[in-house]
Amino acid sequence: MKGLWIGAATAALLAGSAQAKTLTVTPGGDAQEKIQTALLDAKPGDTVMIAAGRYELTDGISLDVANVTVKGAGADKTVLSFDGQKASGEGFLITSNKVTVRDLAVENCKGDGIKSKGVDQITFRNLRVEWTAGPKSTNGAYGVYPVSSTNVLIDNVTVKGASDAGIYVGQSKNIVVRNSRAEMNVAGIEIENSYNADVFDNVSTHNAGGILVFDLPNLPQMGGHSTRVFRNQVVQNDTNNFAKKGAIVGDVPTGTGIMVMANRDIHVFDNAIDQNQTAAVMVVSYTQSYDDLTYNPLPRDIAVHDNKIGKNGWAPQFPGGEVIAKAMGGTIPPVVWDGVTNFTPKGMSAPVAVKVHFTDGPVADLHFAAPGNVFSAKPEVKPTLDDGPIAEPKPVVLPKAQTGQ
Amino acid sequence: MKRVLAALAAIVSLGTASAPAQTPDGVDLKALMSETPAPTLSAYRIFTPEGPNHPNAGVTPYALNTPLFSDYAEKARFLYLPPGTHATYRAEGALDLPVGATLVKSFAYPADLRKPAEKVRVIETRLLIHRKRGWVALAYVWNDAQTQAVLKRAGTRVDVAFTDAHGKAMQIDYRVPNQNQCKECHSLSGRITPIGPKARNLNGNFPYAEGAENQLAHWTRTGLLTGAPAPDKAPRTAVWNDPAEPLEARARAYLDGNCAHCHNPKGAASNSGLFLDLEETRPVRYGVGKRPVAAGKGAGDLVTDLVPGKPDASIIAYRMASTEPGVMMPELGRSVTHEEGVALIREYIAKLQAPAAR
């Protein structure tokens with residue numbers, strides 16, 4: 001009887017594996033048609049294997065089938081080249097749930113690199129997304145770009161040369177960015193308008209800004225919160241900001257280590273932050289006009305502690321930076337906060353409480369009267385600024401069944 | 001065993017699908033409904049054997065007040081409804097179309113746009129078929145002889161040459177979309193949906209063989225549509241290039257037809273927060289004073305989507321004028337600039353009043 005049961009189980013397993021198949025694409029011929037056809041033919045459970053080689057694509061490719069893994073032979077072996085791209089806003093677009101993209105490279109997309117829109121469970125693993133001519137404002141905007149997605153894993157990904165953010169997670173929930181490398185982008189890693197993100201064990205270097213956590217108004221998902229940025233190396237971010245003016249990251253001063261704009265419950269700890277000429281950590285309000293009454297432009301409940309902070313802030317690249325640095329003894333202190341605390345959202349009678357826990361001092365409190373109100377600044381440097389401990393967001397847990405973990 | 005039976009059943013059903021339908025020469029509804037798309041367009045008998053300019057019986061031509069610009073291609077649109085079914089009127093969004101309904105759109109170029117009826121080359125015919133489980137998009141590409149169109153699920157590119165309305169020679173690297181790209185535009189909350197046949201965009205005259213008639217009235221009279229009010233009681237999209245209509249109505253109609261398939265709260269560009277559908281009434285949502293979010297280099301050196309009075313400072317006009325992938329909008333469906341469309345939007349922005357200070 002026992003044997004029979006095992007037999008049945010084996011048969012079920014075999015049936016399962018017989019259904020899930022691998023569609024292999026090899027170099028040569030019409031790469032566009034071959035890869036796209038495989039992405040269209042894949043059924044849930046299948047793997048699209050793109051064999052080692054270089055594939056010249058003329059248009060974006062896209063996947064809209066759930067539960068599919070797209071796999072190359074390695075980030076240095078399977079190269080999807082978009083040098084000759086004639087259309088589409090990105091190289092590779094994913095719009096279906098439970099997808100893993102791994103072990104391949106995407107080069108020189110005219111727009112974004114690899115984008116997922118509205119996906120639950122998206123894994124980007126062992127990837128290289130690169131603009132090979134180095135930092136140029138004509139490069140595509142984002143390298144790895146999950147947006148409006150849930151359960152996002154970005155692991156061991158390298159992005160170089162993005163004219164906006166190398167790794168950009170927008171309007172998403174439950175996010176892990178780890179073991180990745182961002183180099184020579186305007187922003188290395190950016191978490192924007194997102195809820196619950198863990199960003200750890202990454203290297204962000206030679207960008208204009210290392211790691212950004214932003215919340216912007218007038219978007220379907222706002223009120224970014226609960227991001228932990230820890231154990232990252234944020235070093236020598238020294239590439240001149242090469243973004244076009246219209247991009248919000250165009251406002252990030254060259255040589256910014258970590259920047260938190262708006263948001264609540266952001267914790268920055270155990271990072272090594274060194275050789276960033278503007279500042280190690282900046283905590284600032286959103287300063288542009290907006291007309292979304294539900295938006296709070298202030299950073300609230302922000303903790304910066306136990307980071308290993310080297311030499312930073314010796315030549316700040318924001319307007320008036322030189323004067324401010326001089327007033328503070330020649331260099332910008334490790335943590336700079338605009339000090340705005342008096343924002344009262346529409347419909348409320350008193351300002352929302354703002355707590356900070358900045359124990360990596362000294363800390364510059366600029367005491368702006370309002371977001372971006374530079375002229376009202378009353379800079380003050382203190383050893384620390386501490387309203388007491390702030391509860392750390394719980395670690396992000398991805399679904400056990402998520403593929404590619 | 002079950003699987004073998006299922007496979008047999010599938011083969012049998014395929015067999016019946018390719019067998020002649022009840023009306024031998026009519027549209028083959030079974031072929032349209034088959035899960036396996038036909039490799040050639042002729043299998044559906046949407047057109048008679050005479051070719052793409054000859055719709056079969058039961059296939060009704062229609063036009064939109066303001067269509068999407070597609071590299072100056074001329075478009076011929078047709079609606080097929082299964083016998084005994086009808087569309088149901090909806091004031092907002094596309095008409096409610098029954099299972100089996102098929103929307104047919106051919107893209108064609110006359111050799112000279114100034115002589116639109118002469119030397120017309122049909123490039124592709126796209127189908128949007130309403131199956132039981134939802135809409136399916138398919139694109140068929142015509143051969144040079146115009147005798148056969150074959151399925152191209154992965155899309156393709158076709159070299160097209162024509163003379164434009166100003167007598168200028170044009171060369172276009174025409175893109176037939178892949179199946180997913182069809183959905184990128186035809187998508188609401190991730191499901192494929194028709195865009196064009198909204199009551200308001202159909203609310204205009206069509207030159208039928210028996211004379212011009214309002215399409216909503218004609219469809220109602222011929223039993224294709226139920227529930228529609230009289231045309232003058234139904235909403236109506238302005239005709240973008242009719243100078244007799246108000247400028248703002250034409251511009252908003254153009255943005256609706258060319259941008260809102262993605263730029264709406266349920267579309268592919270929902271994350272942008274820029275909503276260009278005609279139903280949107282909040283100025284910041286349709287771009288006035290709105291800063292871009294994830295436009296990256298697409299914004300150029302501009303910081304606002306739409307600046308009243310200043311087309312040169314408005315990202316919308318900048319991206320409409322561009323032909324550079326990653327900058328140009330729409331992202332799909334064009335490779336050249338729609339000069340007349342850009343001119344309309346620039347004029348609209350130039351004359352737009354800034355909203356009153358709050």
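How far apart do the C-alpha centres of domain 1 of chain B and domain 2 of chain B lie? The C-alpha centres of these two domains of chain B lie 27 Å apart.

This is a predicted model, in which local features need pLDDT of at least 70 and side-chain atom pairs count only at pLDDT 80 or more, while totals for chains, interfaces and linings use all residues. Residues are numbered from 1 along each chain as its sequence is written, and chains are lettered from A and ligands numbered from 1 in the order in which they are written.

## The domains of chain B

In chain B, domain 1 covers residues 2–233 and domain 2 covers residues 247–351; the bounds come from an automatic or database domain assignment. The contact between them takes 19 residues from domain 1 of chain B and 17 residues from domain 2 of chain B. Two residues are in contact if their C-beta atoms, placed from the backbone, lie within 7 Å. On the side of domain 1 of chain B that touches domain 2 of chain B, at least two residues each are supplied by β9 (169–176), α3 (179–185) and β10 (187–188) of chain B. Helices (H or I, at least four residues) and strands (E, at least two) are DSSP runs, numbered from the N terminus. By class, this side of domain 1 of chain B has eight nonpolar, six polar and five charged residues. Here Ala, Val, Leu, Ile, Met, Phe, Trp, Tyr, Cys and Pro count as nonpolar, Asp, Glu, Lys and Arg as charged, and the others, Gly among them, as polar.

## The sheet of chain B

An open sheet of six strands in chain B has the order β1-β2-β4-β5-β6-β7, with antiparallel pairing. Two strands pair if DSSP finds at least two bridges between them. At the edges stand β1 (59–62) and β7 (149–151) of chain B, each of which pairs on one side only. Neighbouring strands of this sheet are turned by 30 degrees against each other on average, direction ignored. For such angles, axes are lines fitted to C-alpha atoms, for helices over the stretch in contact, and angles run from 0 to 180 degrees between N-to-C directions. Four bridges join β1(B) to strand β2 (residues 74–80) of chain B in the antiparallel sense, and Val59(B) stands opposite Tyr80(B) in β2(B).

## The contact between the chains

Chain B gives 37 residues to the contact with chain A, and chain A gives 40 residues. On the side of chain B that touches chain A, the elements that give two or more residues are β9 and α3 of chain B. The largest share of that side, four residues, comes from α3(B). The residues of this side of chain B divide into 13 nonpolar, 14 polar and ten charged.

## Chain A as a whole

Chain A contains three helices and 32 strands. Its C-alpha trace spans about 75 × 55 × 40 Å along its principal axes. A compact globule of 405 residues would have a radius of gyration near 22 Å, and the 23 Å of chain A agrees with this; the radius is taken over C-alpha atoms, and the globule rule is 2.2 Å times the number of residues to the power 0.38. Of the 405 residues of chain A, 56% count as buried. A residue is buried if 20 or more other C-beta atoms, placed from the backbone, lie within 10 Å of its own. Among contacts in chain A between residues at least 6 apart in sequence, 63% join residues at least 24 apart.

## Strands of chain A

Twelve strands of chain A form an open sheet in the order β4-β7-β9-β11-β13-β16-β19-β22-β25-β28-β30-β31, and the pairing is mixed. β4 (61–63) and β31 (380–382) of chain A each have a single partner strand, so one side of each is left without a neighbour in the sheet. The twist averages 15 degrees from one strand to the next.

Within chain A, β25 (residues 279–284) is mostly covered, with six of its six residues buried. Strand β23 (residues 264–269) of chain A is also mostly covered, with five of its six residues buried.

| Strand | Partner strand | Bridges |
|---|---|---|
| β9(A), residues 112–117 | β11(A), residues 144–147 | four bridges |
| β20(A), residues 225–230 | β23(A) | five bridges |
| β23(A) | β26(A), residues 300–305 | five bridges |
| β22(A), residues 256–261 | β25(A) | five bridges |
| β25(A) | β28(A), residues 335–337 | three bridges |

Individual residues show these pairings. Lys115(A) stands opposite Tyr145(A) in β11(A). His225(A) stands opposite Arg264(A) in β23(A), and the bridge partner of Phe269(A) is His305(A) in β26(A). Met259(A) has Met282(A) in β25(A) as its bridge partner, whereas Val281(A) has Val335(A) in β28(A).

Definitions and conventions: Buried ≥ 20, exposed ≤ 12 C-beta atoms within 10 Å, placed from the backbone.
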